[in-house]
Amino acid sequence: MCINLKFIILILIKEDCMQIERQRTYKDAHIQWEKVVKELNLTYEHQSWFSKNLDLSISACRLYDSLSHDFKSIGMGKGTALEPILGAEFESLEHYFYGTQEHNSKKLYIADIRNQSSVLYSDPAFDELYRKEHNIKLYVDRFKNYVTKEDFFYPAFLNDVEFVDPSISLGSHAYNYSSDSGFASGATFKEAFLHSLNELIERDTVSKFILKYGMNFNIDELSASLVELKSLPKRLVDIFLAIKDTTKSNIELVYIKNKFNIPTFLTIINYKGKMLLPIYGAGTSLSPAYAMERALTEAFQLFCVKEYKDSIDLSRKLSYMVTKVPKLKELINFSYITKLKNKSFIDTEDKYSSVDYLLEKEINLLRKDNIDIYYRHVIDMSGFYFMQTLIPAFERFNMILEGQIVLPRSDQD
């Protein structure tokens with residue numbers, strides 16, 4: 001086991017520290033996480049990258065079998081103080097359990113799956129399936145409607161990028177819509193639920209942002225502006241400057257207002273490297289300051305790992321895609337943000353809001369717009385909760401940034 005001295009020291013100094021979207025202190029959450037790791041007969045080690053001034057860091061946590069020492073999974077975390085380490089630890093278990101999912105308990109015809117909700121009739125993945133393979137049965141995962149608690153079944157291959165449904169040919173374009181969206185972990189169910197919900201809102205918002213400003217879709221419900229650096233709180237300015245000083249790049253900050261009034265921010269690092277790779281971060285939260293911090297630190301994380309295998313593979317894939325569809329280069333590089341006007345950052349949310357409050361408010365905002373929310377349990381262990389949230393009405397066009405050729409929903413203009 002690799003002992004992380006920085007983590008031990010910070011626990012002793014700040015054992016009661018806790019960020020806005022957590023329900024356990026860093027110390028309590030780490031202790032419970034470590035118990036789960038030991039129960040699974042795993043060991044772990046950390047690796048960290050730091051900004052030039054050492055205030056900002058990216059952490060990786062690798063899990064190994066305690067007997068064979070075989071590598072099992074890796075998680076990444078970003079931020080300041082303890083957040084990168086704790087985030088990496090919880091994500092390492094997410095990825096460990098993600099790879100152990102089973103999807104062989106129930107099969108349904110594609111038509112029966114689609115008939116559960118009208119929003120699935122506008123889903124391009126279902127259009128692809130129904131046109132070409134509508135007379136087959138697919139393995140499905142069972143979700144619960146958050147309000148009614150009724151069952152809702154969704155194709156397993158769309159929830160798990162590692163799962164191949166034997167009823168669908170490997171060459172099917174429908175696999176391009178497979179993603180790991182909506183998976184999240186936490187020390188409690190509500191903590192995990194809030195994280196997963198924010199991820200889905202974030203990806204829907206970024207998708208519509210690309211469609212509106214990059215492809216000129218008429219999406220009146222959404223607007224965006226560039227954020228003036230001088231309007232940020234000092235803490236966020238310090239993070240911004242640490243990233244800028246470390247990356248030696250120009251950085252743009254974008255605020256996206258969605259119809260739910262749940263703030264989403266983008267950080268775009270204009271790195272002048274040879275690779276075609278979108279180095280950006282996104283963050284969503286009812287706390288604008290926390291959402292902006294998430295966007296900043298996520299962009300820094302992508303910059304730190306840009307020369308690792310996964311990033312290089314993605315860059316090659318995107319470069320090939322651009323040779324076939326030149327318009328994609330503009331979308332990937334976010335060059336269209338020059339259309340946006342500058343506005344000041346406004347931090348409106350009470351910094352002392354609880355997870356209970358944030359989760360309830362977000363759900364109410366979505367339900368006010370008749371958005372159905374579904375969830376399923378993946379793992380529930382003492383001190384570690386792993387689940388997935390599904391919102392079929394949401395857009396997934398952001399997946400083009402991950403090298404996937406996808407179409408927007410047909411109910412978009």
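Is Y44 buried or exposed in this predicted model? At 7% relative accessibility, Y44 counts as buried, because the cut-off for a buried residue is under 20% relative accessible area. The legends below begin with the whole protein and then turn to individual residues.

**Figure 1. Overall view of the predicted protein model.** The protein contains twelve helices and 14 strands. Its radius of gyration is 21 Å, close to the 22 Å that the globule rule gives for 413 residues, so the protein is as compact as a globular protein of that length. Along the principal axes, the C-alpha atoms fill a box of roughly 60 × 55 × 40 Å. Of the 413 residues, 57% are buried. Among contacts with a separation of 6 or more, 64% are between residues 24 or more positions apart.

**Figure 2. The surface and the charged side chains of the protein.** The protein exposes about 18800 Å², and carbon and sulfur atoms supply 50% of this area. There are 51 positive and 56 negative side chains. The centres of these two sets lie 4 Å apart.

**Figure 3. The aromatic pair of W33 and Y44.** The structure holds 25 aromatic pairs. In the pair formed by W33 and Y44, the ring centres are 4.9 Å apart and the planes stand at 75 degrees, an edge-to-face arrangement. W33 lies in helix α2 (residues 26-39) and Y44 in strand β1 (residues 42-50), so the pair ties together parts that are eleven residues apart in sequence. W33 is buried, with a relative accessible area of 0%. Y44 is also buried, at 7% relative accessibility.

**Figure 4. The stacked rings of F152 and Y374.** The ring centres of F152 and Y374 are 4.0 Å apart and their planes meet at 20 degrees, so this pair is stacked. F152 belongs to strand β6 (residues 151-155) and Y374 to strand β13 (residues 374-381). The pair therefore links distant parts of the chain, 222 residues apart. F152 is buried, with a relative accessible area of 2%, and Y374 is buried with a value of 6%.

**Figure 5. A cluster of aromatic residues.** Which residues do ring pairs link into a cluster? They are Y146, F189, F193, Y375 and Y385.

Figure 6. At 0% relative accessibility, C61 counts as buried. Leaving aside residues up to four places away in sequence, C61 touches several residues, among them W33 and Y44, the two partners of the edge-to-face pair. The residues that C61 touches also include E45, H46, S73, I74, G75, A88, E89 and S92. The C-alpha atoms of C61 and M76 are separated by 6.5 Å, and these residues are 15 apart along the chain.

**Figure 7. Two asparagines with a positive phi, N216 and N370.** Most residues other than glycine have a negative phi. N216 is not a glycine, yet has a positive phi of about 60 degrees. N216 is placed in the loop between α7 (189-215) and β8 (223-227), and at 58% relative accessibility N216 counts as exposed. N370, likewise not a glycine, has a positive phi of about 60 degrees. N370 is found in the loop between α12 (355-368) and β13. N370 is exposed, with a relative accessible area of 64%.

**Figure 8. The contacts of I168 in a loop.** I168 is found in the loop between α6 (156-159) and β7 (183-186). At 3% relative accessibility, I168 counts as buried. Not counting residues up to four places away in sequence, I168 touches L129, E133, I136, L138, F157 and Y175. The C-alpha atoms of I168 and K324 are separated by 26 Å, and the two residues are 156 apart along the chain.

**Figure 9. The position of S68 in the loop between β2 and β3.** S68 lies in the loop between β2 and β3 (71-79). With a relative accessible area of 39%, S68 is partly exposed.

Definitions and conventions. Residues are numbered from 1 along each chain as its sequence is written. This is a predicted model: local features need pLDDT of at least 70, side-chain atom pairs count only at pLDDT 80 or more; totals for chains, interfaces and linings use all residues. Side-chain values use heavy atoms; hydrogens and water are left out. Helices (H or I, at least four residues) and strands (E, at least two) are DSSP runs, numbered from the N terminus. The radius of gyration is taken over C-alpha atoms; the globule rule is 2.2 Å times the number of residues to the power 0.38. Buried means under 20% relative accessible area, exposed over 50%, partly exposed in between (1.4 Å probe, protein chains only). Contact means heavy atoms within 4.5 Å. Accessible areas come from the Shrake-Rupley method with a 1.4 Å probe; for residues, only the protein chains shown count as cover. Lys and Arg count as positive and Asp and Glu as negative; His and the chain ends are not counted. The place of a charge is taken as NZ of Lys, CZ of Arg, CG of Asp or CD of Glu. Rings of Phe, Tyr and Trp (its six-membered ring) pair if their centres lie within 6.5 Å; planes under 30 degrees apart count as stacked, over 60 as edge-to-face and the rest as tilted.
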